[in-house]
Each structure stands twice: as structure tokens, then as C-alpha cells.
Amino acid sequence: MRYLLILCSLVIAGCGDTFNTPIKPEYRRDTVAITWVELEPDALAAKCTNPETGKKVLACAYVTSTGPCIIYTHKNPVTETMGHEALHCFLGRWHS
């Protein structure tokens with residue numbers, strides 16, 4: 001229960017720019033297992049760079065509608081980054 005409360009607070013507090021972005025959920029999940037992996041800059045770029053656009057990002061979440069969610073970030077990410085990626089875990093690719 002404590003883990004869920006902490007996660008919910010991250011989602012609520014961490015999505016400052018999300019309120020200006022239309023959210024069109026790919027799916028909606030009430031609960032999800034999340035694994036958080038902090039990577040060095042080169043490893044993060046290799047894991048999270050969009051191969052179609054070459055655009056580098058600060059973090060990324062590998063999500064499925066039924067399995068666990070893995071969030072990849074750099075060391076010591078800000079709350080907004082974690083909240084944004086956690087929202088992907090619950091709503092899928094909502095801004096793609």
C-alpha cells in the first residue's frame with residue numbers, strides 16, 4: 001500500500017508539462033509492476049533514442065498492456081521525469 005501511495009504521488013506531482021499535452025491513453029491500468037533502471041548517459045542514449053527520428057530523450061518507459069513496466073533514466077532524475085514515465089506505465093504511449 002505504501003509503494004502505491006508513493007507511486008501515485010510521483011505520477012500526480014511529476015507531470016507538470018503533461019497537463020498541456022493532450023492525453024489519449026493507449027490503455028488504462030489500475031496497477032502495474034514498475035522496475036526503475038538508472039543508466040550512464042551513453043547506455044541511456046542507446047536504450048532510449050528513437051530509431052525512427054534519432055531523437056534523444058531524458059528517459060523512456062518500456063510498456064505493455066499486461067506485463068511489467070521498465071523505466072530507464074539517467075542518474076538522479078527529477079520528479080517530473082519519473083512522473084511522466086510512470087504515467088506511460090499506466091496509460092501506455094499516450095502522446096505518440
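## Terms and basis of the model

Ala, Val, Leu, Ile, Met, Phe, Trp, Tyr, Cys and Pro count here as nonpolar, Asp, Glu, Lys and Arg as charged, and the others, Gly among them, as polar. This is a predicted model, in which local features need pLDDT of at least 70 and side-chain atom pairs count only at pLDDT 80 or more, while totals for chains, interfaces and linings use all residues. Residues are numbered from 1 along each chain as its sequence is written, and side-chain values use heavy atoms, with hydrogens and water left out.

## Overall architecture

The secondary structure of the protein chain comes to 3 helices and 3 strands. Along the sequence, the elements follow the pattern α-β-α-β-β-α.

Of the 96 residues of the protein chain, 36% count as buried. Buried means under 20% relative accessible area, exposed means over 50%, and partly exposed lies in between (1.4 Å probe, protein chains only). Contact means heavy atoms within 4.5 Å. Among contacts between residues at least 6 apart in sequence, 72% join residues at least 24 apart.

## Helix H3

Helix H3 covers residues 79-91, and its 13 residues should span 18 Å at 1.5 Å a residue; the end C-alpha atoms are 18 Å apart, which agrees. The expected span is 1.5 Å times one less than the number of residues in the helix. Because 11 of the 13 residues of H3 are buried, the helix is largely enclosed by the rest of the structure. The buried residues are Thr81, Met82, Gly83, His84, Glu85, Ala86, Leu87, His88, Cys89, Phe90 and Leu91.

Alanine 86 is found in H3 and is buried, with a relative accessible area of 2%. Its C-alpha atom is separated by 9.2 Å from that of isoleucine 70, which is 16 residues away along the chain. Just after H3, glycine 92 takes a positive phi of about 75°.

## Disulfides

The structure holds 2 disulfides, each defined as a pair of cysteine sulfur atoms within 2.5 Å. A disulfide is a covalent bond between the sulfur atoms of two cysteines. With bonded cysteines counted along the chain, the pattern is 1-2, 3-4.

Cysteine 48 and cysteine 60 form a disulfide, with their sulfur atoms 2.0 Å apart. The pair links distant parts of the chain, since cysteine 48 lies in helix H2 and cysteine 60 in strand S2, 12 residues apart. The torsion about this S-S bond is about -65°, so the disulfide is left-handed. Cysteine 48 and cysteine 60 are both buried.

A disulfide also joins cysteine 69 to cysteine 89, with an S to S distance of 2.0 Å. This pair, too, links distant parts of the chain: cysteine 69 is in strand S3 (residues 69-73) and cysteine 89 in helix H3, 20 residues apart. The link of cysteine 69 and cysteine 89 is left-handed, with -65° about the S-S bond. Cysteine 69 counts as buried at 1% relative accessibility, and cysteine 89 is buried with a relative accessible area of 0%.

## The largest pocket

About 720 Å³ of space lies in the largest pocket. On a 1 Å grid over the protein atoms alone, a pocket is an open set of points with protein on both sides within 12 Å along at least five of seven lines, and lining residues have an atom within 4 Å of a point. Grid points are joined across faces, edges and corners, and the volume is the space filled by probe spheres set on the points.

The pocket is lined by 23 residues, of which Cys48, Asn50, Val57, Cys60 and His95 lie nearest its centre. The elements that give two or more residues to the lining are helix H2 (41-48), strand S2 (59-62) and H3. S2 gives the most, with 4 residues. By class, the lining divides into 10 nonpolar, 7 polar and 6 charged residues.

## Two further residues

Alanine 43 has its place in helix H2 and counts as partly exposed at 35% relative accessibility. Alanine 43 and histidine 74 are 31 residues apart in sequence and 9.0 Å apart in space, C-alpha to C-alpha.

Asparagine 76 lies in the loop between S3 and H3 and is exposed, with a relative accessible area of 66%. Most residues other than glycine have a negative phi. The phi of asparagine 76, a residue other than glycine, is positive, near 55°.

Notes
1 Å grid on protein atoms, 1.4 Å probe; cavity = no way out; pocket = protein on both sides within 12 Å on 5 of 7 lines; lining within 4 Å.
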